Amino acid sequence: QGIEREGEKGLEEVRSVSRVAVVVFGERARGKMVKLPDLAKDYIQKMIQRAGPGAKVLLVDSETKQYLSTVYTQSDVLKQEVFLVERIDNETVEKLMHMKAVCFLRPSYSSLRALSRHLRDPKF
């Protein structure tokens, strides 16, 4: 429970920081003012692009799904050839083996356990 409370506090801090521009010293934004939501969108975009061309499923958990919805619109997701955003803990999904899976998950016990179950019996 203590970890969950600390995680909630950290999430609140991230939400408050997301309204503020931050200085980033990365390859693409060296010394420029960049908004945190733009950085998050760029990170997710790179993650999806690494899967290559073709139809994709984005597997998320409860928290990353909310995070995704704050930085991406449905049409932005579709432009990345992501045709389905699915919760990793959804057991009732049908098999779509022709689609590539991209996982965007928190490093929590429940998310890793759901990922392990998915890898034993992949749907995508």
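Reader: Which residues of H2 are buried?

Author: Buried means under 20% relative accessible area, exposed over 50%, and partly exposed in between (1.4 Å probe, protein chains only). In H2 the buried residues are Ala-40, Asp-42, Ile-44, Met-47 and Ile-48. They pack against strand E3 (56-60), H3, strand E4 (82-87) and E5, where contact means heavy atoms within 4.5 Å. Helices (H or I, at least four residues) and strands (E, at least two) are DSSP runs, numbered from the N terminus.

This is a predicted model, in which local features need pLDDT of at least 70 and side-chain atom pairs count only at pLDDT 80 or more, while totals for chains, interfaces and linings use all residues. Residues are numbered from 1 along each chain as its sequence is written, and side-chain values use heavy atoms, with hydrogens and water left out.

Reader: Which aromatic rings form a pair?

Author: Rings of Phe, Tyr and Trp (its six-membered ring) pair if their centres lie within 6.5 Å; planes under 30 degrees apart count as stacked, over 60 as edge-to-face and the rest as tilted. A search of the whole structure finds one aromatic pair. Tyr-67 and Phe-104 form this tilted pair, with 5.8 Å centre to centre and 45° between the planes. The pair links distant parts of the chain, with Tyr-67 in helix H3 (residues 62-71) and Phe-104 in strand E5 (residues 100-104), 37 residues apart.

Reader: Is Phe-104 buried or exposed?

Author: Phe-104 counts as buried because its relative accessibility is 9%. Tyr-67 has 34%, so Tyr-67 counts as partly exposed.
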